[in-house]
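Subject: Handover of a structure and findings

Dear colleague,

Please find below the structure that I am handing over to you.

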Amino acid sequence: MNPETTAIVLIEYQNDFTTPGGVFHDSVKGVMEKNNMLANTIEVATKGRAAGATIMHAPITFAEGYGELTGTPYGILKGVVDNKAFRKGSWGAAIVDVLTPHPEDIVVEGKRGLDAFPSTNLDFILRSKGIRTVALGGFLTNCCVESTMRSAYERGFDVVTLKDCTATLSQEAQDMALTHNFGMFSRPMNHDEFLKHLT
């Protein structure tokens, strides 16, 4: 993979997921700890940046009151609203300190749903920079990561999903996504394998 045409897109590495005290941390910490997700992601970001890849952060945020969403949310977004998660300007919505964006990184703006493409400038940035390979990590494996993976695949990008840089609400759900879905829409690989290819 050519680093100059590769973007590493880090989805929702925010305190509400990553950090003790975060709204959803207790729900994802089991998978995070088992696959060493956060440390692996730090290594990918650090080495990828050094190699010349574009590092992109795709946080999700909502205004107080969640006015961007329907008045009757359901599914995963209902859980976000009910738990008052990812409120713009809050500690929970902040990107975790160990992955604080560097000046040369890009923070994708406008993510309000599961797929990182529809409400953001992600596609515009990728295409304007001539990106061909998109490597994905983040939360939740079978939700936002998978939704973004499918969209990137449909848009013609060479998609890599970083298996050990993802986490979700249970190991069973993690294993199901990795075993049955990721290979249909991407080239799944662990972070160390990806870094070896990034030359």
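The notes below describe the sheet, the helices on it, a group of aromatic rings and some backbone features.

Please bear in mind throughout that this is a predicted model.

The sheet

The sheet is open and built from 6 strands, which follow the order β3-β2-β1-β4-β5-β6 with parallel pairing. At its edges stand β3 and β6 (187-189); each has a single partner strand, so one side of each is left without a neighbour in the sheet. Within the sheet, β1 and β4 run parallel and are joined by 6 bridges. Across this pairing, leucine 10 stands opposite glycine 137 in β4.

Helices and the sheet

Helix α2 lies across β4 and β5, and its direction is at about 105° to β5. Helix α3 also packs on the sheet, where it touches β1, β2 (54-58), β4 and β5; the angle between the directions of α3 and β5 is about 140°.

Helix α6 has 14 residues, and from its first C-alpha to its last it reaches 18 Å, close to the 20 Å expected at 1.5 Å a residue. The buried residues of α6 include Thr141, Cys143, Val145, Glu146 and Met149. Which elements do the buried residues of α6 pack against? They pack against β1, α4, β4, β5 (158-167) and α7 (171-185). After α6 comes glycine 156, which has a positive phi near 90°.

Aromatic rings

How many aromatic pairs does a search of the whole structure find? The search finds 7 aromatic pairs. One of them is formed by tyrosine 13 and phenylalanine 139, in an edge-to-face arrangement with 5.6 Å from centre to centre and 70° between the planes. This pair links distant parts of the chain, since tyrosine 13 belongs to the loop between β1 (6-11) and α1 (15-18), while phenylalanine 139 is in strand β4, 126 residues apart. Tyrosine 13 has a relative accessible area of 3% and is therefore buried; phenylalanine 139, at 0% relative accessibility, is likewise counted as buried.

The pair of phenylalanine 17 and phenylalanine 24 is tilted, because the planes of the rings are at 35°, with the centres 5.8 Å apart. Phenylalanine 17 is buried, with a relative accessible area of 4%, and phenylalanine 24 counts as buried at 15%. Ring pairs link Tyr13, Phe17, Phe24, Phe86 and Phe139 into a cluster.

Backbone features

Most residues other than glycine have a negative phi, and most peptide bonds are trans.

Phenylalanine 86, a member of the ring cluster, has a positive phi of about 55°. The residue is found in the loop between α4 (76-82) and β3 (106-107). Is phenylalanine 86 buried or exposed? With a relative accessibility of 1%, phenylalanine 86 counts as buried.

Asparagine 36 also has a positive phi, of about 60°, although it is not a glycine. Its place is the loop between α2 (25-35) and α3 (37-51). Asparagine 36 counts as partly exposed, because its relative accessibility is 45%.

Finally, the peptide bond that leads from phenylalanine 139 to leucine 140 is cis, with omega near -25°. Leucine 140 lies in the loop between β4 (133-139) and α6 (141-154).

Yours sincerely

Definitions and conventions
Residues numbered from 1 in each chain as written. Predicted model: local features only at pLDDT ≥ 70, side-chain atom pairs only at ≥ 80, totals over all residues. Heavy atoms only, no water. Helix = DSSP H or I, 4+ residues; strand = E, 2+ residues; numbered from the N terminus. Buried < 20%, exposed > 50% of the residue type's maximum accessible area, 1.4 Å probe, protein only. Phe/Tyr/Trp six-rings, centres within 6.5 Å; stacked < 30°, edge-to-face > 60°. Expected span 1.5 Å × (residues − 1). Contact = heavy atoms within 4.5 Å. Pairing = 2+ DSSP bridges. Axes fitted to C-alpha atoms, helices over the stretch in contact; angles between N-to-C directions.
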